[in-house]
Amino acid sequence: MLGFRTLLYKEVLRFWKVSFQTVAAPVLTAMLYLMIFSHVLEAHVQVHGVPYAAFLIPGLVMMSALQNAFANSSSSLIQSKVTGSVVFVLLPPISYGEFFLAYVVAAMLRGVMVGAGVLLVTSWFALPQMQSPLWVLTFIVLGGGIMGALGTVAGIWADKFDQLAGFQNFLVMPLTMLSGVFYSIHSLPDFWQQISHFNPVFYMIDGFRFGFFGVSDVAPETSLAVVGTSFALVSAATLLLLRSGYKLRS
Amino acid sequence: MSIAVAIDRVEKRFASLQALAGVSLQIAEGEFFGLLGPNGAGKTTLISCLAGLARPDAGSLTVMGHDVVGDYRAARRLLGVVPQELVFDPFFSVRETLRIQSGYFGIRRNDDWIDEILANLDLTSKADTNMRRLSGGMKRRVLVAQALVHKPPVIVLDEPTAGVDVELRQGLWQFVRRLNRDGHTVILTTHYLEEAEALCGRIAMLKQGRVVALDSTSNLLARFAGQTLSVRLAAPAALPPMLRARATENDGTWIFHLAGLHEIEPLLATLREAGCHIDDLRLTQTDLEDVFLGVMTSDRAA
């Protein structure tokens with residue numbers, strides 16, 4: 001397991017050495033969202049009986065965590081593939097399972113760190129009371145894991161940075177932005193409400209938010225089932241890809 | 001002597017390109033083995049198969065008896081590979097890079113050995129420098145260091161001196177020679193034939209994915225033998241007709257390929273009898289480059 005632990009350490013050290021870009025920057029972005037939206041909407045909107053700014057914070061925390069978990073594994077892999085340094089992790093006796101765990105756990109950790117940072121800086125606006133920390137933790141860990149695994153797939157699949165940017169901008173961004181971060185899906189027209197139910201990120205956000213307010217669009221157990229199943233499926237697909245050596249071992 | 005690396009009928013195809021067409025080699029423990037061939041001959045593919053970076057379509061490879069696919073953990077622990085490309089991880093310093101690489105191989109607290117490698121490769125003063133700030137030659141040395149962190153008994157160097165200045169090349173040669181003297185099996189691929197001639201005890205030549213020559217360096221040199229005698233005659237003398245058939249002319253110099261030194265005396269006697277005066281005379285030994293060109297053009301099998 002030392003191989004796994006070292007790879008995990010290296011992945012964490014990699015983003016930590018540039019934490020201004022990988023942690024501080026997304027925290028600032030989230031804070032700007034909060035300032036703008038809460039300024040515009042705070043006086044007018046309440047969701048689930050919660051003031052808008054407080055409602056928004058958990059969504060922003062989770063969205064930032066998910067996007068950064070994806071960015072971590074995907075950018076690390078594409079960089080090391082493009083520069084060729086991926087060979088350093090392919091030559092040692094590291095199994096594909098250890099490889100998977102290291103990249104996904106590192107991504108999860110960055111997600112949680114960014115999430116905690118967003119929570120910290122936004123808390124003086126309107127600190128939402130965390131009613132059930134266990135739900136909060138469960139959803140951010142599973143959500144980060146799903147995105148970390150997806151990022152691993154994207155990083156392995158992409159040969160160039162613009163392919164990865166395509167994955168990020170045309171899949172990850174729409175899925176996270178349209179997941180109920182900024183609104184309750186009950187405020188949407190029927191059709192879009194139905195569509196939202198097919199977006200797994202919606203369940204991540206909704207379940208996470210339940211941990212804060214004890215209210216949500218769907219039952220937290222349902223969200224947990226969807227998110228848990230998604231995690232299992234994405235992990236299995238990533239493991240199969242890694243085992244096959246696709247684009248890593250010719 | 002036991003076998004360090006056994007390669008058995010390995011085949012590898014990339015789309016329409018047959019990169020390896022049934023390569024078999026056995027390299028004994030402690031050997032300094034050279035793998036030569038033109039670009040695209042399959043050298044790097046063969047090394048990639050050995051290192052687990054590529055998967056062979058057929059055949060098997062073992063390192064110290066451990067199959068590189070079925071028992072990859074043991075095989076990779078016994079193998080140190082210096083890749084051809086000058087790659088590095090820009091996030092880390094030299095020492096961090098080597099510590100991380102040690103950890104990948106399951107080795108904790110490896111600083112004593114890391115210090116020793118750094119000293120041997122003249123990198124001690126750069127230990128805390130970020131990889132990005134190193135010159136090309138320094139980066140190359142770090143690659144060698146990375147391949148050695150886990151003290152592998154078998155070391156593969158894939159063109160380690162490509163684009164490296166003379167001083168560093170000599171330094172690397174010395175270092176690798178010492179590793180070999182200390183008992184490491186060394187496999188070297190190179191484009192520099194004088195490098196292979198100077199270092200390798202045995203050589204395999206690859207062409208289009210096949211082994212076309214496999215012998216000790218001295219046997220290969222002997223096989224393509226001998227020497228070349230270059231003679232320039234003082235004007236106006238012409239080469240006697242009886243010698244003309246076995247000589248080639250190059251810019252006024254007649255070149256004779258000799259099977260052995262015993263051919264010199266009769267040749268000179270014929271010239272003397274024909275009344276030829278010699279302006280210049282040179283005897284050169286066949287080198288590996290002649291052998292290489294001979295093998296590559298004649299396709300002579302091993």
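Mentor: Happy to. Strands here are DSSP runs of E with at least two residues, helices are runs of H or I with at least four, and both are numbered from the N terminus; two strands pair if DSSP finds at least two bridges between them. One place to look is B:Leu229, which stands opposite B:Phe256 in E13(B).

A word on the source: this is a predicted model, in which local features need pLDDT of at least 70, side-chain atom pairs count only at pLDDT 80 or more, and totals for chains, interfaces and linings use all residues. Residues are numbered from 1 along each chain as its sequence is written, while chains are lettered from A and ligands numbered from 1 in the order in which they are written.

Now widen the view. E11(B) and E13(B) belong to an open sheet of four strands, ordered E12-E13-E11-E14 in chain B, with antiparallel pairing. Its edges are strand E12 (247-250) and strand E14 (278-285) of chain B, each of which pairs on one side only. On average, neighbouring strands of this sheet are turned by 25° against each other, direction ignored; axes are lines fitted to C-alpha atoms, for helices over the stretch in contact, and angles run from 0 to 180 degrees between N-to-C directions.

Elsewhere in chain B, strand E1 (residues 3-14) pairs with strand E4 (residues 58-63) in the antiparallel sense over five bridges. B:Val5 has B:Val63 of E4(B) as its bridge partner, and B:Val63 also stands opposite B:His66 in E5(B). E4(B) pairs with strand E5 (residues 66-67) of chain B over two bridges, again antiparallel. Two residues lie between the strands of this hairpin, and B:Met64 takes a positive phi near 50° there.

Finally, the chains meet: 21 residues of chain A are in contact with 24 residues of chain B, contact requiring C-beta atoms, placed from the backbone, to lie within 7 Å. On the side of chain A that touches chain B, helix H1 (2-17) and helix H4 (87-90) each supply at least two residues, and H1(A) gives the most, with seven. That side divides into 10 nonpolar, seven polar and four charged residues (Ala, Val, Leu, Ile, Met, Phe, Trp, Tyr, Cys and Pro count as nonpolar, Asp, Glu, Lys and Arg as charged, and the others, Gly among them, as polar).

Notes: Two residues are in contact if their C-beta atoms, placed from the backbone, lie within 7 Å.
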